[in-house]
Amino acid sequence: MGKIIVANWKMNPNSAEDAKSLFDAVKNGINNSKAEVIICPPYVYLSLLRGLTLGAQNVSIKESGAFTGQVSAVMLKDIGVQYSIVGHSESRQYLKETNQDINQKIVACLNNDIKVILCIGENEGPASTPGYGEAKERKTEVLDSEILEGLSGISEENLKNIIIAYEPIFAIGTGKSCSIEETKQSISIIKNAISKIYSQKSADEIKIIYGGSVNSQNAEGYLQEAGVDGLLVGGASLKPEEFIKIVESAN
Ligand code: PGA
């Protein structure tokens with residue numbers, strides 16, 4: 001199975017024209033890639049872009065009705081979107097989303113045949129600095145509760161429609177990517193949580209990707225050495241050449 005490379009454009013670029021040219025540059029540059037590439041632009045550009053798998057950056061808990069400013073999984077499905085990011089740390093922080101909200105968003109996606117990219121990650125770190133043992137405990141606590149509460153009531157059968165994105169907050173947009181060693185530790189914490197809730201088989205099979213200051217220099221290290229199934233790329237996904245190199249490193 002090929003690696004999964006997700007582009008999270010966040011609130012960029014500023015015009016439809018720039019969005020189309022960024023998308024086309026990526027589309028033309030990743031010919032013959034073995035990776036599954038998923039582009040997550042702002043909502044307003046989703047229906048303008050065709051030819052690569054699309055994801056939304058967030059989704060409403062609700063399916064329709066008086067929820068000003070929100071976009072439902074039903075609407076995403078209707079325009080051909082296949083994925084949604086859920087629980088990104090920026091949505092947890094700025095939109096005050098809780099694990100319970102995130103759980104309901106996951107349910108809304110799965111009910112409407114939208115696959116989920118569930119973002120989780122601890123706030124402080126890197127845990128490899130002094131106080132390591134304690135920091136590891138705190139990291140485990142955060143990741144465990146984000147998984148346990150986020151996936152509450154989700155059937156084991158549905159795990160195949162969920163990708164977990166491990167995104168330590170200290171590494172997002174900072175240029176301070178998480179070390180391979182620490183990423184491995186986090187992957188095993190996540191797999192352990194999944195095996196406790198579901199089964200060892202599901203822990204072995206669940207797709208886990210890494211996000212946080214990924215670039216063309218460090219991408220291969222994560223893919224080859226950290227044992228991840230792919231990458232979630234923010235800043236570097238806005239630079240076509242850089243993003244294409246990241247996709248190529250997954251071949
Ligand atoms: P970054 O963002 O690659 O710019 O660190 C990753 C993310 O927030 O998804």
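Me: What should I keep in mind about the model and the numbering?
Reply: It is a predicted model: local features need pLDDT of at least 70, side-chain atom pairs count only at pLDDT 80 or more, and totals for chains, interfaces and linings use all residues. Residues are numbered from 1 along each chain as its sequence is written, and side-chain values use heavy atoms, with hydrogens and water left out.

Me: How many helices and strands are there?
Reply: The protein has 10 helices and 8 strands. These are DSSP runs numbered from the N terminus: helices are H or I with at least four residues, strands are E with at least two.

Me: What does the C-alpha trace span?
Reply: About 50 × 45 × 35 Å along the principal axes.

Me: How much of the protein is buried?
Reply: 50% of the 251 residues count as buried. Buried means under 20% relative accessible area, exposed means over 50%, and partly exposed is in between, with a 1.4 Å probe and protein chains only.

Me: What share of contacts join residues at least 24 apart?
Reply: 73%, among contacts between residues at least 6 apart in sequence. Contact means heavy atoms within 4.5 Å.

Me: On to the strands. Why is β1 described as largely enclosed?
Reply: 5 of the 5 residues of β1 are buried, so the strand is largely enclosed by the rest of the structure. I4, V6 and N8 point one way, I5 and A7 the other.

Me: Which strands does β1 run parallel to?
Reply: β2 and β8: 5 bridges join β1 to β2, and 4 join β1 to β8. Two strands pair if DSSP finds at least two bridges between them. A7 has I39 of β2 as its bridge partner. I5 has L231 of β8.

Me: What else pairs with β8?
Reply: β7 does, in the parallel sense, over 3 bridges. I209 has G230 as its bridge partner in β8. In β8 (residues 230-233), G230 and L232 point one way and L231 and V233 the other, and all are buried.

Me: What about β4, covered or open on its faces?
Reply: Both faces of β4 (residues 83-86) are covered. Y83 and I85 are on one side, S84 and V86 on the other, and all are buried. β4 pairs with β3 (residues 53-56) in the parallel sense over 2 bridges. Y83 is the bridge partner of G55.

Me: Where is Y166, and is it buried or exposed?
Reply: Y166 is in strand β6 (residues 162-166). Y166 is buried, at 0% relative accessible area.

Me: Which residues other than glycine have positive phi?
Reply: N32 is one of them, with phi near 65 degrees. S213 is another, with phi near 55 degrees.

Me: Are those two buried or exposed?
Reply: N32, in the loop between α1 and β2 (36-40), counts as exposed at 75% relative accessibility. S213, in the loop between β7 (207-211) and α9 (219-225), counts as buried at 17%.

Me: Last one: what is I197 in contact with?
Reply: I147 and L148, leaving aside its neighbours within four places in sequence. I197 belongs to helix α7 (residues 180-197). I197 is partly exposed, at 33% relative accessible area. Its C-alpha is 9.0 Å from that of E156, a residue 41 places away along the chain.
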